[in-house]
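Please look at the sequence and the structure before reading on.

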Amino acid sequence: MPLPQQDELREHDGAPLTDISHRRRLAHEQVHLLYERLWQPVLASVLAACLLVAAMWPIMPPMLLASWLAALIGVSGARLWLAWFYQRQPSQQRHRRRWLFRFAWGAGIAGALWGMAGLTMFTTEYQGQLAALAIVLTGIAAGGVTTLSSVAWMAPLFVLPTMLPLLGQLLLQATSLSWLLAAMVVLFLGLVLVSSRRLHRTITDNIALRLIVSSREQQLRVSEARYRAIFRHTPLGVMHFDREGRVVDCNEMCLDILGTSRQRLLGMNLLTQLSDERVTGAIRDALESGTGYFEGTYRAVGGGKQTPLRAFYSALRNESGEVVGGVAIIEDFTERKLAEETIHRQAYYDPLTELPNRRLLIETLASTIRDRRDDGRVGMVLFLDLDRFKIINDTLGHAVGDELLRQVSKRLLLSVDKDAMAARLSGDEFVVLMPALSTDRELELKRAEHRAERLLTILRRTYDLGGQRISVTPSIGYTLFPLGDEDVGDVLRHADTAMYQAKLKGRAQICGYEPSMQTQLSWRLEMEQALRRALVEDHLSIAFQPQLDEHERVIGGEALMRWKHPRHGWISPEVFIAIAEESDLIVELETWMLDRCCELLARLPGEVLPRLSVNISVRHFSQPGFVEGLTWVMATHGIDPARLVVELTESIMIDGLQDAVERMQALKRLGVKLALDDFGTGFSSLAYLKSLPLDELKIDRSFVSNLDTDGNDAAIVETVLAMAQHLGIDVVAEGVENRAQQEYLLARGCRLFQGYHFHRPMSVEAFEALLSGDEVEAGQG
């Protein structure tokens with residue numbers, strides 16, 4: 001919904017200036033923001049000053065430092081007292097200009113004191129102290145921008161006195177290094193001032209919008225009082241409902257006609273909770289075309305009272321002409337009776353999920369295709385298939401699988417629009433039909449990806465199945481229709497083909513149908529043959545991503561296979577590994593990589609490279625001779641088995657938990673360490689976790705990357721860390737991309753890390769250089 005009077009919000013430097021009263025209120029709000037919570041930046045400033053004095057104490061005269069710190073604390077105290085006094089003043093007695101200049105004096109003096117630090121504490125003899133001085137001053141300047149930008153000139157008033165003395169000192173040194181640092185300070189000042197300008201515009205617009213909304217609310221209260229008087233005393237039944245068909249309000253006459261209570265009627269969704277299709281159809285007509293009409297015998301939802309009546313439905317529109325709800329005028333009038341139910345629910349709905357079944361979907365899709373050919377609009381079908389559902393069903397039982405399908409169905413129902421249909425096709429396959437989009441096919445193609453991504457986001461959230469938290473993702477294929485003369489079978493086949501292409505990309509992928517997709521199958525065959533040649537002709541390589549401990553020391557790495565195709569360039573591992581896993585080629589690839597990794601372990605001593613992790617697929621791990629083959633490779637290179645970490649995924653249980661445990665115990669007897677990769681993305685059951693002889697768990701990057709935005713992911717990470725600690729298993733956090741994630745994990749007991757925050761995957765030469773102490777990194781992505 002568009003913001004009120006958004007086109008009136010900008011005039012003269014972005015400020016809302018619709019009238020003098022608004023300008024005055026805006027100015028007062030800007031000043032109020034300066035004083036609000038001033039203690040936070042002031043306290044931070046004092047703490048920074050203390051740290052700076054502590055850093056400078058060994059090299060500067062103590063009296064100078066103490067005097068400067070005392071002056072800063074004194075000015076800070078005066079500013080806090082001024083803010084306290086401002087807050088105690090009644091709002092009507094606050095003279096804006098007077099308080100603004102008082103604040104400006106405090107900010108300017110504080111900036112000058114910080115600038116004095118840059119002048120008096122500047123040193124070229126002690127690089128550490130100079131760095132501390134520069135860091136503190138730039139941090140103080142950047143912090144000033146975030147708290148002073150409600151008034152355009154206030155941030156420059158503080159920032160320039162803070163930074164210019166330091167800039168002057170650097171220029172006076174007249175060395176190449178000082179000129180470089182001076183240029184960096186100038187660049188920093190420019191960025192800070194530009195950011196201050198933008199932040200000022202944003203704050204000003206937000207204040208103006210809030211003031212406009214407040215004014216409109218007052219006008220609406222007066223209008224609502226008038227509406228209420230008419231609404232309550234009309235002799236006909238009147239009902240108000242919103243855009244979704246939920247009852248918002250009604251008068252007493254409406255309750256008498258319908259034979260129900262206000263408590264039962266308010267909040268009822270007329271489109272979903274009324275069984276009479278004629279009533280809901282009339283309401284839909286009103287919401288879609290502006291008017292609707294019903295005449296017949298109405299049976300009350302609550303007490304079952306039957307009432308002959310007629311109702312006129314009209315749409316309510318906002319200022320932009322969009323339908324936001326409707327109103328019904330109800331009169332106890334008609335002699336007709338309710339029509340009989342036409343379709344029994346069991347014939348058209350799936351008994352497990354209560355979604356429309358294949359029969360209803362096909363009938364609806366057939367009529368929809370005909371309608372779209374007539375009106376020129378397009379429809380959309382999304383085909384969803386749950387990734388690794390068979391593993392969950394076979395391992396945890398059909399009861400858990402059925403409950404998962406029910407929860408998926410509920411999420412689908414909540415996520416689709418009212419005119420869309422979510423249906424269960426069969427097994428773990430679902431279809432979402434969006435019957436009527438616009439006539440602009442290109443526009444709808446662009447929107448289709450967004451709609452599919454929204455469904456993916458909703459369905460991939462963790463499911464709670466009887467105390468077991470399970471992560472399941474769908475693969476989604478979609479197609480628009482009609483493309484030509486296709487029938488129902490063609491449309492569903494197109495969506496199914498797109499879904500299959502999404503599956504080939506890996507888990508939780510989305511793909512739209514294209515007529516050229518048939519060539520994809522040929523392409524996959526070509527890639528498989530090229531991959532076989534690459535193995536023979538030595539076109540494969542290995543990238544290594546370092547693993548670090550809590551002190552950020554490299555304690556090992558993970559080996560990652562890479563393939564550079566002679567014609568197509570670098571091929572994504574998700575693509576060629578998936579191709580290899582569909583055949584026994586994955587066994588040859590991983591055998592080759594194990595040999596290369598053992599060769600590297602043999603070449604580098606244990607003090608340089610304590611450990612190396614290698615991923616092993618389910619297909620390779622389940623081979624009868626896997627343990628013997630690994631034993632032969634390690635013996636050939638003469639390595640200590642304890643330096644090799646074999647990483648497995650939860651899908652190793654697909655062929656049975658007992659077989660997996662026996663193979664893992666055989667590896668443990670050899671001395672090989674075992675890790676469970678991507679932990680948390682599968683079914684993560686304690687029933688098997690306590691049975692597996694594991695040395696470590698690897699938390700999947702999808703949970704780590706969303707630690708600060710998704711409470712569910714944070715809870716999963718904390719649970720895994722606590723569980724691993726009790727079981728005596730180490731935890732490696734994958735995908736750590738920033739310091740905030742690292743500190744969050746450290747605080748909760750995680751001691752091993754891997755991710756772009758530390759190092760990207762690199763070539764073997766760069767990896768060896770890193771291990772030897774040379775900071776060289778040639779990432780391969």
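## Surface patch and sheet

Leu43 is found in helix α2. The model is a predicted one. Leu43 has a relative accessibility of 43%, so it counts as partly exposed, since that class lies between the limits of 20% and 50%. Together with Trp39, Leu47 and Leu80, Leu43 makes a nonpolar surface patch of about 390 Å². Helix α2, which spans residues 39-56, gives the largest share of this patch, with 3 residues.

Elsewhere in the chain there is a sheet. In what order do its strands stand? The order is β7-β8-β6-β11-β12, in an open sheet of 5 strands with mixed pairing. β7 (421-426) and β12 (510-512) are at the edges and have a single partner strand each, so one side of each is left without a neighbour in the sheet. From one strand to the next, the twist averages 20°.

Strand β11 (residues 474-481) runs parallel to β12, and 3 bridges join the two. In this pair, Gly477 stands opposite Cys511 of β12.

| Helix | Residues | Strands touched | Angle |
|---|---|---|---|
| α15 | 398-415 | β6, β7, β8 | about 10° with β8 |

Key. Residues numbered from 1 in each chain as written. Predicted model: local features only at pLDDT ≥ 70, side-chain atom pairs only at ≥ 80, totals over all residues. Heavy atoms only, no water. Pairing = 2+ DSSP bridges. Helix = DSSP H or I, 4+ residues; strand = E, 2+ residues; numbered from the N terminus. Axes fitted to C-alpha atoms, helices over the stretch in contact; angles between N-to-C directions. Contact = heavy atoms within 4.5 Å. Patch = residues over 30% accessible without salt bridge, like charges linked within 9 Å, V, L, I, M, F, W, Y side chains within 5 Å. Areas by Shrake-Rupley, 256 points an atom, 1.4 Å probe, with all protein chains shown as cover. Salt bridge = Lys/Arg side-chain N within 4 Å of Asp/Glu carboxyl O. Buried < 20%, exposed > 50% of the residue type's maximum accessible area, 1.4 Å probe, protein only.
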